[in-house]
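This report describes selected features of a single protein chain. The sequence and the model are displayed below, and the commentary follows them.

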Amino acid sequence: MSLLNKYISKTISSSFFPIFFSLFAITSVIFLVKIASLTSVITIDFFELVYLYLLSVPKILFYTLPITFFVAMIINFAKLSNDYELIVLTSFGQSPLKLVKMILPISFLFSIALFIISFVLMPQAIFLNKSFMNKKQQEAQFNIKPSEYGQSFGPWYIYVQDEIKDRYHDVTLFQPTKNQDIFIKADSATLTNDSKVLQLKLFDGNAHIINQTFQQIDYKEMVLNNELEQVKQLNSITDIIKYWEGMDTNKKLKEDFIKNVQLSLLPLVSVIFYLAFGYFNPRYEKNRATLYGIGLAVLYVVLSNYIANKENLQLILVIPIFWIILSSFVYYKRVRPYY
């Protein structure tokens, strides 16, 4: 039995890693393109690009690992069937359900790993990403350059003609809203940062409010505050728990919670499926394991997203339970009568 366990583990590895590296590479390219698009909003160098990519790795792993494991397991057992090895094992009294005991521990470990990635590592990566973006946006707003268009200060578009000794001259601000547009002109301005609030002090100018009427306000001094979002880091299990408790008021977080649970359980609840489509007689049946594996993986993801969009925690185990029932039905129809 020990030799058989080692052999099954070796064959699983030969199927798993090629699929995993391919999916990981494709998904990484997608995330890198998404990260590179940030350069239109903020300025980042190569090392910051690598840092943002590393923060994306937990999410990449979470979406590639369960699908890779599911497809690889079906392909692996189909390959063993195609080489008549499972048939030989059956002739020696090794029933398909006995193989479940061999693959159950590794499936369980994969599910545990996915729970850790999705409920611990991904939230931490999200908060680190937010902290980085806040810092870069703060730097961008604090480093307003003269004679450059497209700069912003909070909700305001800002243009300055000149800068002399940390003081801006001939400043123009514009804020478009649904009901009105606001223009502010100032002869000069200063910008200060106390780590929580960016403060723009405007001197000697006027403000124009345009809606159905036109209003003008002259001023000697005006202060515009832009409060910076403070991101609390997740440094302990208690912080992680508090983060997920926020799903009571955050619909997106609740969707993520439901989706994370369902995808994390995929390796574990699919154990019977590995055998249901992995066992076949190559003399009478064609090897369609890849087609079955990809089709079923897509079906599980689609159903999981559908349930997650319902935002109902009572439905969180509907898909995993349905998956176990469906796999058992297929197994007893396709495999049990013959092996």
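## Basis of the description

Two strands are said to pair if DSSP finds at least two bridges between them. Helices (H or I, at least four residues) and strands (E, at least two) are DSSP runs, numbered from the N terminus.

The model is predicted, so local features need pLDDT of at least 70 and side-chain atom pairs count only at pLDDT 80 or more, while totals for chains, interfaces and linings use all residues. Residues are numbered from 1 along each chain as its sequence is written, and side-chain values use heavy atoms, with hydrogens and water left out.

## The antiparallel strands

Strand 1 (residues 151-153) and strand 2 (residues 156-164) run antiparallel and are joined by three bridges. Phe153 has Trp156 of strand 2 as its bridge partner. The two strands form a hairpin with two residues between them, and Gly154 in the turn has a positive phi of about 60°.

Strand 2 is also joined to strand 3 (residues 167-176), by seven bridges and in the antiparallel sense. Within this pairing, Val160 stands opposite Val171 of strand 3. Strand 2 and strand 3 again form a hairpin with two residues between them, and Lys165 in its turn has a positive phi of about 50°.

Strand 3 continues to strand 4 (residues 181-193) through eight bridges, and these strands run antiparallel. Here Tyr168 has Ala189 of strand 4 as its bridge partner, and four residues lie between the two strands of the hairpin. Strand 4 in turn pairs with strand 5 (residues 197-210) over twelve bridges, likewise antiparallel. Ile184 has Ala207 of strand 5 as its bridge partner.

## Residues with positive phi

Most residues other than glycine have a negative phi. Asp170, although not a glycine, has a positive phi of about 55°. Asp170 is found in strand 3. Its relative accessibility is 37%, so Asp170 counts as partly exposed (buried means under 20% relative accessible area, exposed over 50%, and partly exposed in between, with a 1.4 Å probe and protein chains only).

Glu311 is also not a glycine and has a positive phi of about 55°. Glu311 lies in the loop between helix 8 (289-310) and helix 9 (318-334). At 26% relative accessibility, Glu311 counts as partly exposed.

Glu48 lies in helix 2 (residues 46-82) and counts as buried because its relative accessibility is 18%. Leaving aside neighbours within four places in sequence, Glu48 is in contact (heavy atoms within 4.5 Å) with Thr43, Phe132 and Lys136. Between Glu48 and Tyr168 there are 120 residues in sequence and 30 Å in space, C-alpha to C-alpha. Ser56, also found in helix 2, is buried, with a relative accessible area of 10%. Not counting residues up to four places away in sequence, Ser56 touches Phe31 and Ile35.

Helix 2 packs against helix 6 (residues 251-269) at an angle of about 30°, with the axes 8 Å apart. The axes are lines fitted to C-alpha atoms, for helices over the stretch in contact, and angles run from 0 to 180 degrees between N-to-C directions. The contact is made by Phe62, Tyr63, Pro66, Ile67, Phe69 and Phe70 of helix 2 and by Lys259, Asn260, Leu263, Ser264, Leu266 and Pro267 of helix 6. These residues divide into nine nonpolar, two polar and one charged (Ala, Val, Leu, Ile, Met, Phe, Trp, Tyr, Cys and Pro count as nonpolar, Asp, Glu, Lys and Arg as charged, and the others, Gly among them, as polar).

## Nonpolar cores

A nonpolar core is a set of buried Ala, Val, Leu, Ile, Met, Phe, Trp, Tyr and Cys residues joined through side-chain atoms within 4.5 Å. The largest such core has 72 residues, and those with the most contacts inside it are Phe70, Phe77, Phe273, Tyr274, Tyr300 and Trp323. Helix 2 supplies the largest share of this core, 15 residues. Phe77 touches Leu86, Leu99, Ile103, Tyr274, Leu275 and Gly278, not counting residues up to four places away in sequence.

A second, separate core has 19 residues, including Ile158, Tyr168, Val171 and Ile184.
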